[in-house]
Amino acid sequence: MPSDVPEPAPESVPVTAPETAPAGPPTSDDRTMGLLCHLGGIIGSFLLPLIVWLIKKDTSAFVNDQGKEALNFQITMLIGWAVAGVLSCVGIGLILFPIIWVLNLVFCVMGAMAANKGERYRYPFNIRILK
């Protein structure tokens, strides 16, 4: 038996935005995590920056930015190590290994110092895979 009474509209469920990282000056914890992202590249290649970034990316805009920057740089360094490894067959890679190591050390320390001050650091050369 058809009814002339329209069905009630389904209750609308309010859609809440996901927690976003607050904008503004970085807190002491944010600066420390940014520092760990950069220094982690010296110790653990891309793994430590990846872990810190994955844990803190949703709670801090500063750590999200610096984590992506450090992770992109470590991926760039990993590509450099691979190229140097291939070129070591002809001897050029043996020269590139110490150069890559020193560049990684110097730029990671510079990034860590800037992050500790609350400044957003950009590496001079970087393949930006994560945007």
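What share of the 131 residues of the protein chain counts as buried? The figure is 31%, with buried meaning under 20% relative accessible area, exposed over 50%, and partly exposed in between (1.4 Å probe, protein chains only). Do keep in mind that this is a predicted model, where local features need pLDDT of at least 70, side-chain atom pairs count only at pLDDT 80 or more, and totals for chains, interfaces and linings use all residues. Residues are numbered from 1 along each chain as its sequence is written, and side-chain values use heavy atoms, leaving out hydrogens and water.

Let's start with the overall fold. The protein chain contains four helices and zero strands, giving the pattern α-α-α-α along the sequence. Helices (H or I, at least four residues) and strands (E, at least two) are DSSP runs, numbered from the N terminus. Among contacts (heavy atoms within 4.5 Å) with a separation of 6 or more, 68% join residues 24 or more positions apart.

Now turn to helix H2, which spans residues 47-56. Its Pro-49, Val-52, Trp-53 and Lys-56 are buried. These residues lie on the same side of H2, because they cover an arc of only 100 degrees around the axis, taken from the directions from the helix axis to the C-beta atoms. The buried residues of H2 pack against helix H1 (28-44) and helix H3 (61-87).

Thr-59 counts as partly exposed because its relative accessibility is 42%. Thr-59 and Asp-30 are 29 residues apart in sequence, with their C-alpha atoms 9.2 Å apart in space.
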